Amino acid sequence: CSDVQKITELVIAIMKIVKIHFKINFNEDSVSYQRFVTHLKFFSARVFERQLYQDSMKELYEIVVGQNTYAYTGVKKVAQFIEKTYNKI
């Protein structure tokens with residue numbers, strides 16, 4: 001199983017979780033969708049490389065989590081999937 005294949009599989013799985021959790025359909029022709037996919041590709045690569053993402057926006061993250069628990073539960077579902085499927089987090 002190549003790295004590209006593992007990344008692709010994870011991206012597809014995350015998109016399914018997001019689609020189901022948020023009850024949305026993606027407009028695959030939109031710039032927002034393409035940007036989301038790009039972010040997922042880089043995120044997935046970091047997962048398999050066990051590379052932490054250093055972000056200086058921790059305070060913003062905490063505010064968003066505090067104000068939008070629904071979004072946070074979606075993030076938790078993705079994290080749980082990765083931990084269960086790939087034994088990583």
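User: How do H1 and H4 pack, and at what angle?
Analyst: H1 and H4 pack at an angle of about 145 degrees, and their axes are 10 Å apart. Please note that this is a predicted model.

User: Is that crossing left-handed or right-handed?
Analyst: The crossing of H1 and H4 is right-handed.

User: Which residues meet there?
Analyst: On the H1 side, they are Lys6, Glu9, Leu10, Ala13, Ile14, Ile17, His21 and Phe22. On the H4 side, they are Tyr70, Ala71, Thr73, Gly74, Lys77, Val78, Phe81, Ile82 and Tyr86.

User: Let us step back. How many helices and strands does the protein have?
Analyst: The protein has four helices and zero strands. From the N terminus on, the elements run α-α-α-α.

User: And what share of the residues is buried?
Analyst: Of the 89 residues in the protein, 24% are buried.

User: Which residues of H1 are buried?
Analyst: The buried residues of H1 are Ile7, Leu10, Val11, Ala13, Ile14, Met15, Ile17, Val18 and His21.

User: What covers them?
Analyst: The cover includes helix H2, residues 31-49, and helix H4, residues 69-86.

User: Please take one of them, Ile17. Why does it count as buried?
Analyst: Ile17 lies in helix H1. Ile17 counts as buried because its relative accessibility is 17%, and the cut-off for buried is under 20%.

User: What does Ile17 touch?
Analyst: Leaving aside residues up to four places away in sequence, Ile17 touches Gly74, Lys77, Val78 and Phe81. Ile17 and Gly74 are 57 residues apart in sequence, yet their C-alpha atoms are 7.7 Å apart in space.

User: How many residues are in the largest nonpolar core?
Analyst: The largest nonpolar core has 15 residues, and those with the most contacts inside it are Leu10, Ile14 and Met15. H1, H2 and H4 each supply at least two residues of this core. Its largest share, seven residues, comes from H1.

User: Which residues does Leu10 touch?
Analyst: Not counting residues up to four places away in sequence, Leu10 touches Ser44, Val47, Phe48, Phe81, Ile82 and Tyr86.

User: Now H2. Does its span agree with or differ from what it should be?
Analyst: The span agrees: at 1.5 Å a residue, the 19 residues of H2 should span 27 Å, and the end C-alpha atoms are 27 Å apart.

User: Which of its residues are buried, and what do they pack against?
Analyst: Tyr33, Val37, Leu40, Ser44, Ala45, Arg46, Val47 and Phe48 are the buried residues of H2. These buried residues pack against H1 and H4.

User: And Thr38: buried, partly exposed or exposed?
Analyst: Thr38, which is found in helix H2, is partly exposed, with a relative accessible area of 36%. The C-alpha atoms of Thr38 and Val11 are separated by 9.4 Å, and the two residues are 27 apart along the chain.

User: A change of topic: how many salt bridges does the search find?
Analyst: A search of the whole structure finds one salt bridge. Lys6 forms a salt bridge with Asp3, and the closest N and O atoms are 3.7 Å apart.

User: Where do those two residues sit relative to each other?
Analyst: Lys6 and Asp3 are three residues apart in helix H1, so about one helical turn separates them. An α-helix has 3.6 residues a turn, so residues three or four places apart point the same way.

User: Finally, which residues just after the helices have a positive phi?
Analyst: Just after H1, Lys23 takes a positive phi of about 50 degrees. Lys23 is in the loop between H1 and H2, and Lys23 is exposed, with a relative accessible area of 70%. H2 is followed by Arg50, whose phi is positive, near 55 degrees.

Conventions. Residues numbered from 1 in each chain as written. Predicted model: local features only at pLDDT ≥ 70, side-chain atom pairs only at ≥ 80, totals over all residues. Heavy atoms only, no water. Buried < 20%, exposed > 50% of the residue type's maximum accessible area, 1.4 Å probe, protein only. Contact = heavy atoms within 4.5 Å. Salt bridge = Lys/Arg side-chain N within 4 Å of Asp/Glu carboxyl O. Core = buried A, V, L, I, M, F, W, Y, C linked by side-chain atoms within 4.5 Å. Axes fitted to C-alpha atoms, helices over the stretch in contact; angles between N-to-C directions. Left-handed = near helix turned anticlockwise from the far one by under 90°. Expected span 1.5 Å × (residues − 1).
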